[in-house]
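Grab a pencil and work through these exercises with the model open beside you. Each task comes with a solution to check against.

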Amino acid sequence: MARRTSSPSPVTATTTLALSSLHIRLEALEKEHQWLLKQIKKKQKELNNFVEQMRSFATEIFHRGTASFKKLAEIDEEIHSLFDEIFATRKFGKQTKKSIEGIYRNLQMAGIISPKRDRDDSDTELDELFETDDQKQEFFGSSQQNNYQHQQHSEFTPTSKSDESRKVRNTFLRLAEIFHPDKVTDDETQMRHTEIMKEINKAYQEGDLARLLEIERQHQAGESVDSNNEDDLTRKCHRLEQETEFLKTQYETIKRELRLVKNTPEGMIVADCRKIAKEGIDPIDQMLGQVESEIQVISHIRDFVKDFREQKITIKEFLCGPTILQQMNEEVMEDLLEQMLEELSARIVF
């Protein structure tokens, strides 16, 4: 009688297929998870470096350009005072006064001198609220920062913000349970856990889920998973899917913050300075050179207004404007004409 060969149980075959499918799914999730962690770390470093470069440029410009900026501000204030004195002491006809006021206004609108800010009751109330100018500056500085933060949040508000915060907190608690120094007794491990907890606390305070997960991965503090247990694999897949969604949100947030920073006036200066530096030119020197040119222009205008106040030039001569502005207008027109001719030449087909 022939011996019957036993066939594998259908249940066992189904289980094997399910485990194989879970292994493939888990591998794909882990790859995406690790890629996001690397990208977040890279983009966060880029953001931090850019902000630090902004601070570095601001500090260097302040130290090297303080005297020039102070001189520029003094001349600017002197021009305002000269116009105030002219309007207070000189008598003009209605049309002439209007023309002189127009020149004064045009200088401000063109950015050659600063806008005239008349103090009103609201300024007085602000002075009463703050004891010192430093306190007022601190308040307005923080207000600008709040506006920037509001702009960040208004552009993109994650629908699962509470879920993300909960995930950050749960990850923090899980790591704190493992690495709290009070959980160990020997001195060497306690010192190591103390340093790790510093990183964990910092990441938690910044809401940095990626950093918490990286710490977990570095110290192999994740949950143990039986690769042959379907429930374990399913649970880990589900956790990785959730974390991946949160990491995507964090990645997009960092990219958005970097874009916002680069689009600030300070950020644009840094971008311009980078381009100039690639050409072997000191961007700070070039910037301060432009300030010195502005000082020459505004000094010439100050002397022109002063001559009018002292009646060294006529009203007609004053209304024609200072020579230096006429020269600047001619140069602008020449540049525009040259640009138009170049564009026209480029369109001609021989």
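**Exercise 1.** Find the element that holds Ser68, then decide: is Ser68 buried or exposed?

*Solution.* Start with the place: Ser68 sits in helix 1 (helices are DSSP runs of H or I, at least four residues, numbered from the N terminus). Next, accessibility: Ser68 counts as buried because its relative accessibility is 13% (buried is under 20% relative accessible area, with a 1.4 Å probe and protein chains only). Then the partners: setting aside neighbours within four places in sequence, Ser68 is in contact with Val291, Glu292 and Ile295 (contact is heavy atoms within 4.5 Å).

A word on the ground rules: this is a predicted model, with local features needing pLDDT of at least 70 and side-chain atom pairs pLDDT 80 or more, while totals for chains, interfaces and linings use all residues. Residues are numbered from 1 along each chain as its sequence is written, and side-chain values use heavy atoms, leaving out hydrogens and water.

**Exercise 2.** Work out what span helix 2 should have, and compare it with its end C-alpha atoms.

*Solution.* Helix 2 covers residues 94-109, 16 residues. The expected span is 1.5 Å times one less than the number of residues, so helix 2 should span 22 Å. Its end C-alpha atoms are 22 Å apart, which agrees. Now look inside: the buried residues of helix 2 include Ile100, Tyr104 and Leu107. Finally, step past the end: Gly111 follows helix 2 with a positive phi, near 80°.

**Exercise 3.** List what Phe50 touches.

*Solution.* Skip residues up to four places away in sequence; Phe50 then touches Leu258, Val261, Lys262, Gly267, Val270 and Arg274.

Note on methods. Helices (H or I, at least four residues) and strands (E, at least two) are DSSP runs, numbered from the N terminus. Buried means under 20% relative accessible area, exposed over 50%, partly exposed in between (1.4 Å probe, protein chains only).
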